[in-house]
Amino acid sequence: MSGSNCCRSDMVHLFLRKNDGSLAARQDLLFKLPVKPPGAEPDYLGLARAVTHPHLVDWNRDGHTDLVVGHSEGWAGGEWTLYVCAGPLAGKTELTAKAFVLPAVPDARPVYFGVADWDGDGKVDLLVALRCQKGSDAVRADPLKQTDEPVSYAISWLRNTATKGEPKFAAASPLLTLPAPWELDGFTVVEGGKGGRLDIVVSVSKNIRRNMEGNYCVDSQLWLYRRKG
Amino acid sequence: MRLRLSIALVLIAIGGTVRHALADTSSPPDRQTGFDDPEVMLDGSEHGRLYPAFADIDGDGKIDMLVGNWHGRLLVFRNKGTNARPEYAKPIRLDETIPSANISGVQG
C-alpha cells in the first residue's frame with residue numbers, strides 16, 4: 001500500500017499479494033469523512049497537498065485490520081488528526097474515515113507518522129516526526145507575528161496507555177533529534193535484530209534548490225538509527 | 001482470480017547507492033535517547049526526498065527495502081543478504097513488473 005501523490009489527498013494505492021506470492025495490479029482506495037449534519041454532502045479529505053503514509057494495523061483491537069492514515073500537511077488545523085478506516089477492509093474500494101485527534105506538541109507540527117509497539121507491551125504506539133520551532137504556535141495564532149527561532153526536527157513517541165479498544169496516547173516523549181542542517185522528511189520503524197529490537201530508518205534532506213533545468217533537487221539520504229541495548 | 005488478503009506493505013522507492021557510513025552530523029546531536037550514531041544507508045539525492053518502507057516484496061522470506069521519491073516510480077532494493085545483515089541489490093523499479101505501480105501520472 002502506498003500513499004497518495006501530492007495532487008490527491010484522499011487516496012491510497014493497494015497492491016494485494018496473490019497466491020503465487022507476486023503482487024497484483026494497483027487498486028486505488030478512496031476515503032471519505034463521515035457525513036456531516038443533514039443536508040451536507042460527504043466531504044473528502046482536504047485539498048491540501050498530502051503525504052499520506054498509510055498503516056495497516058488493528059487500531060481498535062477488535063481482530064480486524066484497520067487503515068490508519070496520517071496527513072502531514074494538513075489544513076485548517078488538521079495536522080494533529082489521524083484518519084482511521086475500520087476493518088474489515090477486504091473487497092472495499094471506498095472507505096469511511098473517522099477522525100482521531102492526537103495530543104499536540106507545543107511549538108511543533110507533525111511531519112510524518114509511524115505506528116509500532118515501541119515499548120513491547122503488546123499495544124500499538126505512535127511515533128511522530130516533528131518540525132519544531134519556538135514561538136511557532138504564537139505565529140500560527142496571529143499571522144502578524146513572526147519568529148526567527150531556529151527550526152529543528154525530531155522524532156517523539158506517544159505511548160498507548162489504553163487497556164482495551166482504540167489507543168489513548170500519552171504526551172509525546174522525545175526519542176531523537178536530527179543534527180542541523182538536515183530536515184526530516186519521513187521515517188519507518190524496522191526490526192533491528194534479535195530480541196525484537198526496533199530501530200528507526202529516517203529520511204533526511206537538505207539544501208533544496210533548483211538545477212540548471214529549473215527542476216527542484218535536494219541532498220537526501222536514509223539513515224539507520226540503531227537502538228541501544 | 002481470487003486474491004489472498006495478505007496485503008502488501010507500503011511502497012516508496014528511490015534509487016542510489018546503498019552503503020553504510022556514519023551520517024554527516026554537522027552539529028552534535030542532543031536529546032538522543034538510546035540510539036547509536038546514525039549510519040547512512042542510502043544516498044538518493046538524484047531522486048529527491050525519500051520515503052522508506054520495508055517488506056518482503058519477492059516472497060523469499062527476506063525483508064527488502066522500498067523507497068518512494070518525487071518521481072512517483074517506486075524502487076525496490078531486494079535483500080540478497082539476510083534479515084540480520086541485509087545487503088541490498090541494485091534497485092529496480094516496481095513498475096517494471098507491475099506497470100500500474102507507476103503512480104507518477106495519478107491525479108485527482
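**Notebook: chain A, a look around**

I began with contact range: among contacts in chain A between residues at least 6 apart in sequence, 43% join residues at least 24 apart. A reminder to myself that this is a predicted model.

**Overall make-up.** I looked up the secondary structure and found one helix and 15 strands in chain A. Of its 229 residues, 38% count as buried.

**The core.** Next I asked which residues have the most contacts inside the largest nonpolar core. They are A:Val128, A:Ala129, A:Leu130, A:Ile155, A:Val201 and A:Val202, in a core of 66 residues. Strand S10 of chain A, residues 125-133, gives the most to this core, with six residues. As background, I noted that nonpolar side chains tend to be buried together in soluble globular proteins.

I then picked A:Ala129 and listed what it touches, leaving out residues up to four places away in sequence. The list includes A:Pro110, A:Val111 and A:Tyr112, and also A:Tyr153 and A:Ile155. A:Leu184, A:Gly186 and A:Phe187 are on the list too.

**A three-stranded sheet.** I followed an open sheet with the order S1-S3-S7 in chain A and mixed pairing. S1 and S7 (94-96) of chain A stand at the edges with a single partner strand each, so one side of each has no neighbour in the sheet. The twist averages 30° from one strand to the next. S1(A) pairs with S3 (residues 27-32) of chain A in the antiparallel sense, over four bridges.

**A:Leu14.** This residue lies in S1 of chain A, residues 11-14, and stands opposite A:Gln27 in S3(A). Is A:Leu14 buried or exposed? I count it as buried, because 20 other C-beta atoms lie within 10 Å and 20 or more is the cut-off for that class.

I found a cis peptide bond between A:Gly87 and A:Pro88, with omega about 5°; A:Pro88 is in the loop between S6 (81-85) and S7 of chain A. Another cis peptide bond joins A:Ala180 and A:Pro181, with omega about 5°. A:Pro181 lies in the loop between S12 (173-177) and S13 (183-191) of chain A.

A:Arg61 has phi of about 55°, sits in the loop between S4 (52-57) and S5 (66-71) of chain A, and is partly exposed, with 17 other C-beta atoms within 10 Å. A:Asn207 has phi near 60° and lies in strand S14 (residues 198-210) of chain A. A:Asn207 counts as exposed because it has 12 C-beta neighbours inside 10 Å.

Notes: Residues are numbered from 1 along each chain as its sequence is written. Chains are lettered from A and ligands numbered from 1 in the order in which they are written. This is a predicted model: local features need pLDDT of at least 70, side-chain atom pairs count only at pLDDT 80 or more; totals for chains, interfaces and linings use all residues. Helices (H or I, at least four residues) and strands (E, at least two) are DSSP runs, numbered from the N terminus. A nonpolar core is a set of buried Ala, Val, Leu, Ile, Met, Phe, Trp, Tyr and Cys residues joined through C-beta atoms within 7 Å. Two residues are in contact if their C-beta atoms, placed from the backbone, lie within 7 Å. Two strands pair if DSSP finds at least two bridges between them. Axes are lines fitted to C-alpha atoms, for helices over the stretch in contact, and angles run from 0 to 180 degrees between N-to-C directions.
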